[in-house]
Amino acid sequence: MHDPLRLAIVGAGHFGRYHVLKAAAEPRVALVGIVDPDAGKAARVAAEGGARALPDLDAALAEAEAVIVAATTRAHHALGLRVLEAGRHLFMEKPLATTLAEADELVALATARGVVLQVGHLERFSVARSALARNVSRPLAMEFARLAPFRERGTDVSVVLDLMIHDIDLALTLAESPVARVEAVGRKVLSDQLDFAQARVTFANAAVASLTASRVSPAVERLARLFDASGSVAVDFVGRRLARFDHDGRHEESWQDTDPLAVQLASFVAAVRGEAPVIVDGAAGRAALAVALAVEAACFSDPSA
């Protein structure tokens with residue numbers, strides 16, 4: 001039996017707080033402390049998790065075996081380098097970084113230090129992802145829509161890196177083929193970053209994924225439609241419903257969600273302890289980032305964007 005994993009969390013914002021609460025409830029984790037530039041926020045969130053607010057990352061690295069970075073995306077690379085250089089295991093919230101050069105540096109350093117690097121593509125741990133995998137084989141076409149109302153949180157990056165990247169990761173895992181071409185359009189609406197984007201990703205095996213992401217929509221919607229050689233599947237992620245249409249007719253299923261954030265944390269602990277492979281490693285995070293950046297580039301190649 002291993003002792004609990006000594007874990008620190010960097011970032012006490014919206015998602016960092018969720019990580020703190022899940023870590024506090026995980027029996028295989030000892031939450032050693034929380035770091036945030038806002039000392040008051042760090043103290044409040046730490047108190048919720050029964051942990052301490054630490055003064056800085058150096059203090060966290062002195063006590064932790066592993067670190068979750070849930071800070072602003074622009075800080076991912078610099079914080080990740082410090083964690084990995086210290087030889088600590090790293091869970092990096094998505095996206096892995098803001099450029100491919102940054103991502104490559106993080107992946108290479110994790111390999112050189114012999115530590116786990118896991119990226120927070122949460123959808124991999126959802127019941128909906130498992131339902132999709134059971135019902136779709138070698139998809140020919142995929143359509144994803146991830147829409148949400150506007151919130152200031154997350155607007156340091158585009159809607160592509162904020163929301164669409166979840167579905168990019170799903171499409172990559174389902175297609176199981178290299179990306180051949182990326183086309184996209186997008187617009188800034190309420191922020192200085194793209195708030196709406198539509199992309200078409202063509203894979204080397206001729207499969208196509210159409211992806212829509214918006215953070216200027218009136219309501220939350222998360223939908224998918226996939227087509228394979230035997231039929232089609234429609235998924236409502238919010239309503240937790242899936243319908244399969246094939247030669248045998250219509251088949252429906254629904255589910256109660258597990259807690260994907262808790263499942264994701266448990267998978268990180270297992271990977272650090274050498275009990276299981278990393279589900280979403282640095283290479284997977286880098287692959288999703290590469291497509292996301294290609295989508296952004298295609299959006300900005302349109303002079304009216």
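Arg 138 is exposed, with a relative accessible area of 66% (exposed means over 50%, buried under 20% and partly exposed in between, with a 1.4 Å probe and protein chains only). This is a predicted model, in which local features need pLDDT of at least 70 and side-chain atom pairs count only at pLDDT 80 or more, while totals for chains, interfaces and linings use all residues. Residues are numbered from 1 along each chain as its sequence is written, and side-chain values use heavy atoms, with hydrogens and water left out.

Arg 138 sits in the loop between helix 6 and strand 6 (141-147) (helices are DSSP runs of H or I with at least four residues, strands are runs of E with at least two, and both are numbered from the N terminus). Its phi is positive, about 50°, although Arg 138 is not a glycine. Arg 240 also has a positive phi, near 55°. Arg 240 belongs to the loop between strand 11 (231-236) and strand 12 (241-246) and is partly exposed, at 33% relative accessible area. Most residues other than glycine have a negative phi, and most peptide bonds are trans.

## A cis bond and a buried histidine

The peptide bond from Lys 94 to Pro 95 is cis, with omega near -10°. Pro 95 lies in the loop between strand 4 (89-93) and helix 5 (100-113).

Lys 94 is also one of the contacts of His 121, among them Ile 165, Asp 169 and Ala 288, when neighbours within four places in sequence are left aside (contact means heavy atoms within 4.5 Å). His 121 lies in the loop between strand 5 (117-120) and helix 6 (127-135) and counts as buried because its relative accessibility is 2%.

## Helix 7 against helix 9

Helix 7 (residues 159-175) and helix 9 (residues 282-300) pack at about 125°, with axes 9 Å apart. The two helices are therefore oblique to each other (angles under 35 degrees count as roughly parallel, over 145 as roughly antiparallel, 65 to 115 as roughly perpendicular and the rest as oblique). Residues of helix 7 in this contact include Ile 165, Ile 168 and Asp 169, and those of helix 9 include Ala 288, Val 291 and Ala 292.

## Nonpolar cores

The largest nonpolar core has 75 residues, and Val 160, Met 164 and Ile 168 are among those that touch the most other members (a core is a set of buried Ala, Val, Leu, Ile, Met, Phe, Trp, Tyr and Cys residues joined through side-chain atoms within 4.5 Å). Helix 7 supplies the largest share of this core, twelve residues. Another core, of 21 residues, lies apart from it and includes Val 20 and Val 272.

Terms used: Axes are lines fitted to C-alpha atoms, for helices over the stretch in contact, and angles run from 0 to 180 degrees between N-to-C directions.
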